[in-house]
Amino acid sequence: MKTVKDMSEITGVSIRTLRYYDEIGLLKPTEYTEAGYRLYDNKALEKLQEIMFFRELEIPLMDIKKIMDNPDYDKEQVLFTQKSLLEQKQNRLNGIIELITDVMKGVNTMSFGAFSNEEVQKIVNHTLECMSKESLEKQVQTYGSMEQYKEYLVSGFANEQVVADLLKWYGSKEKAIDAVMQADGNTEELKQEQAENAEIYRQFMAAKEADDMDMAHSAVEMLAENYKKMFALDNARNILLDLAKEYLQNGKLAEATDSQYGKGCCEYVAHAIQHYYGV
């Protein structure tokens with residue numbers, strides 16, 4: 001048997017709190033001594049641990065009591081659910097810590113100025129310069145002329161959602177412009193990044209097959225690092241969460257990705273990204 005003091009030292013729950021749990025009937029002592037001191041057995045200690053898990057999820061005490069007093073209370077299932085919810089909480093906090101770290105470094109400061117015509121022309125001209133001759137000719141053929149293709153590229157910056165996404169991904173228009181200007185059209189580097197992406201997606205499918213969320217989280221981390229290289233991002237959280245949303249809409253991107261890596265790939269990748277970031 002353990003005393004109140006023993007229970008407090010083992011779990012970190014204060015003696016005053018343990019006495020209160022007794023008063024409200026949430027955790028009754030196993031027995032009392034003749035002098036009226038509370039004593040607890042190992043079963044009571046296990047129950048206190050379960051209560052602590054509930055408290056980490058910020059569930060009110062009386063709600064915890066109702067849950068645990070339910071005759072259909074399944075301890076194993078509850079622990080499984082608690083673990084899943086706490087993992088989501090942990091991932092959400094990790095995402096917040098990651099963003100705070102970036103802010104402390106001076107990145108992701110979220111400056112929402114609109115792109116000027118001069119800035120748009122600068123981005124479009126550099127994009128055209130970096131395109132291969134074959135790709136550029138194909139686009140010109142599609143849009144009818146070089147001028148019409150340029151107009152199409154410029155029109156993207158009139159789309160408020162497109163601009164909002166760019167600012168969200170990069171944190172400011174200055175960083176978005178810098179990222180575009182860093183591109184040099186190096187096809188070998190692009191092929192390497194695409195090959196790395198393909199390997200990451202194969203790991204996602206292996207994780208899906210093995211039902212291994214740790215492997216999936218590792219793939220999300222690698223995907224984030226690769227996206228940071230590909231798009232010159234300080235932080236890939238927002239762009240990956242947007243990718244997850246796009247995948248779950250089952251559009252052309254999801255269809256093409258599933259066709260390449262296997263049915264259900266996009267849905268699995270989307271849920272893995274959301275789970276990793278606690279969304």
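**A walk through the helices**

Thr-257 lies in helix 14, which spans residues 252-261. The model is predicted. Is Thr-257 buried or exposed? Its relative accessibility is 9%, under the 20% cut-off, so Thr-257 counts as buried. Leave aside residues up to four places away in sequence, and Thr-257 touches Tyr-201, Tyr-247, Gly-262, Cys-265 and Cys-266. Two of these names, Tyr-201 and Cys-265, come back below in the contact of helix 11 with helix 15.

Step back to the whole chain. The chain holds 15 helices and 3 strands. Its radius of gyration is 27 Å, whereas the globule rule gives 19 Å for 279 residues. The value is well over the rule, so the chain is more spread out than a compact globule. The box filled by the C-alpha atoms tells of the extent along each principal axis: roughly 95 × 40 × 30 Å. Of the 279 residues, 36% count as buried. Contacts also reach along the sequence. Take those between residues at least 6 apart; 63% of them join residues at least 24 apart.

Now follow helix 11, residues 187-210. Its axis comes within 9 Å of the axis of helix 12, residues 213-231. How do the two helices run relative to each other? The axes cross at roughly 165°. Angles over 145 degrees count as roughly antiparallel, so helix 11 and helix 12 are roughly antiparallel to each other. Helix 11 passes helix 12 in a left-handed crossing. On the helix 11 side, the contact includes Glu-193, Asn-197, Ile-200, Tyr-201 and Phe-204. On the helix 12 side, Ala-216, Val-220, Leu-223, Tyr-227 and Met-230 are among the residues met. By class, the residues of this contact divide into 13 nonpolar, 4 polar and 3 charged.

The loop between helix 11 and helix 12 holds Asp-211. Asp-211 is not a glycine, although its phi is positive, at about 55°. Its relative accessibility is 69%, over the 50% cut-off, so Asp-211 counts as exposed.

Helix 11 has another partner: helix 15, residues 265-276. Here the axes come within 10 Å and cross at roughly 90°. An angle from 65 to 115 degrees counts as roughly perpendicular, so helix 11 and helix 15 are roughly perpendicular to each other. Which residues make the contact? Helix 11 gives Tyr-201, Phe-204, Met-205, Ala-207 and Lys-208, and helix 15 gives Cys-265, Tyr-268, Val-269 and Ala-272. The classes are 8 nonpolar, no polar and 1 charged. Tyr-201 and Phe-204 take part in the contact with helix 15, and also in the contact with helix 12.

Return towards helix 14. The loop between helix 13 (237-248) and helix 14 holds Asn-250. Phi of Asn-250 is near 55°, a positive value in a residue other than glycine. Asn-250 is exposed, with a relative accessible area of 63%. Thr-257, in helix 14, counts as buried.

One last stop lies earlier in the chain. Glu-87 has its place in helix 5, residues 75-104. Is it buried, exposed or in between? At a relative accessible area of 27%, Glu-87 is partly exposed. Glu-87 and Asn-238 are 151 residues apart along the chain. A distance of 20 Å separates their C-alpha atoms.

Methods. Residues numbered from 1 in each chain as written. Predicted model: local features only at pLDDT ≥ 70, side-chain atom pairs only at ≥ 80, totals over all residues. Heavy atoms only, no water. Axes fitted to C-alpha atoms, helices over the stretch in contact; angles between N-to-C directions. Helix = DSSP H or I, 4+ residues; strand = E, 2+ residues; numbered from the N terminus. Parallel < 35°, antiparallel > 145°, perpendicular 65-115°, else oblique. Left-handed = near helix turned anticlockwise from the far one by under 90°. Contact = heavy atoms within 4.5 Å. Nonpolar A, V, L, I, M, F, W, Y, C, P; charged D, E, K, R; others polar. Rg over C-alpha atoms; globule rule 2.2 N^0.38 Å. Buried < 20%, exposed > 50% of the residue type's maximum accessible area, 1.4 Å probe, protein only.
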